[in-house]
Amino acid sequence: MSVRQSDNNEILRRLAPCGLNCGKCLFYADGEIRDLSIKLKERLGIFGPYADRFSKGNAVFGNYKEFSELLDFMTTVDCRGCREGGCRLPGCNVNNCTSSKNIDYCFQCEEFPCEKSNLQGPLKDRWINMNNRMKEIGVSEYFKESSDTPRYI
């Protein structure tokens, strides 16, 4: 079964060269995390003064100011994805490498896996596993398969 060009464009827009779904990233402007953050901020309204009152009975509400600052940040993110703006993960070199080789995903490179990604530890393991899975079942199927998987696991 062939992939329609519009489907392929959407996959390329959302699926980073490493295999992570940009659409699930907390920095992604059109992502679910941003949308949910906006809704949560709307639902909370002006909760700050209430958090101060509630903190007298439960100290966790004393952290509301920091939470609110994080929520504000998550509602104003502006990343368009790794392919359009570069990865926000400090030190990641995957997009630069795949772009220089004119490939879409790391598994398409004969050097994969390599040290050029600059990923380490569990993220490096995940990067290898994601690319191996794309190679095994195809990018379109991988995108479908991983669509309900949390970004941060």
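The model is predicted. Its largest nonpolar core has 23 residues, its largest pocket holds about 290 Å³ of space, and three cavities reach 30 Å³ or more.

**Nonpolar core**

- Within the largest nonpolar core, the residues that touch the most other members are Leu15, Val94, Tyr105, Trp127, Met134 and Val139.
- At least two residues of this core come from each of helix H1 (5-14), helix H7 (121-137) and helix H8 (139-145).
- Val139 is in contact with Ile11, Leu15, Tyr105, Phe107 and Met134, leaving aside residues up to four places away in sequence.
- In soluble globular proteins, nonpolar side chains tend to be buried together.

**Largest pocket**

- The space in the largest pocket comes to about 290 Å³.
- The pocket is lined by 18 residues, and those closest to its centre are Leu20, Cys25, Leu89, Arg151 and Tyr152.
- H7 gives the largest share of this lining, with three residues.
- Sorted by class, the pocket lining consists of 13 nonpolar, two polar and three charged residues.

**Largest cavity**

- A probe the size of a water molecule, rolled over the atoms, shows where empty space is left.
- Eight nonpolar, three polar and three charged residues make up the lining of the largest cavity.

**Second largest cavity**

- The volume of the second largest cavity is about 40 Å³.
- Cysteines in its lining include Cys18, Cys82, Cys87 and Cys92.
- Ala16, Pro17, Leu20, Val94, Asn95 and Arg151 also line the second largest cavity.
- By class, the lining of the second largest cavity contains eight nonpolar residues, one polar and one charged.

**Helix H2**

- Helix H2 (residues 32-44) is 13 residues in length, and its first and last C-alpha atoms lie 18 Å apart.
- That span is close to the 18 Å expected at 1.5 Å a residue.

Terms used
Residues are numbered from 1 along each chain as its sequence is written. This is a predicted model: local features need pLDDT of at least 70, side-chain atom pairs count only at pLDDT 80 or more; totals for chains, interfaces and linings use all residues. Side-chain values use heavy atoms; hydrogens and water are left out. A nonpolar core is a set of buried Ala, Val, Leu, Ile, Met, Phe, Trp, Tyr and Cys residues joined through side-chain atoms within 4.5 Å. Buried means under 20% relative accessible area, exposed over 50%, partly exposed in between (1.4 Å probe, protein chains only). Helices (H or I, at least four residues) and strands (E, at least two) are DSSP runs, numbered from the N terminus. Contact means heavy atoms within 4.5 Å. On a 1 Å grid over the protein atoms alone, a cavity is a set of points where a 1.4 Å probe fits but cannot get out, and a pocket is an open set with protein on both sides within 12 Å along at least five of seven lines; lining residues have an atom within 4 Å of a point. Grid points are joined across faces, edges and corners, and a volume is the space filled by probe spheres set on the points. Ala, Val, Leu, Ile, Met, Phe, Trp, Tyr, Cys and Pro count as nonpolar, Asp, Glu, Lys and Arg as charged, and the others, Gly among them, as polar. The expected span of a helix is 1.5 Å times one less than its number of residues.
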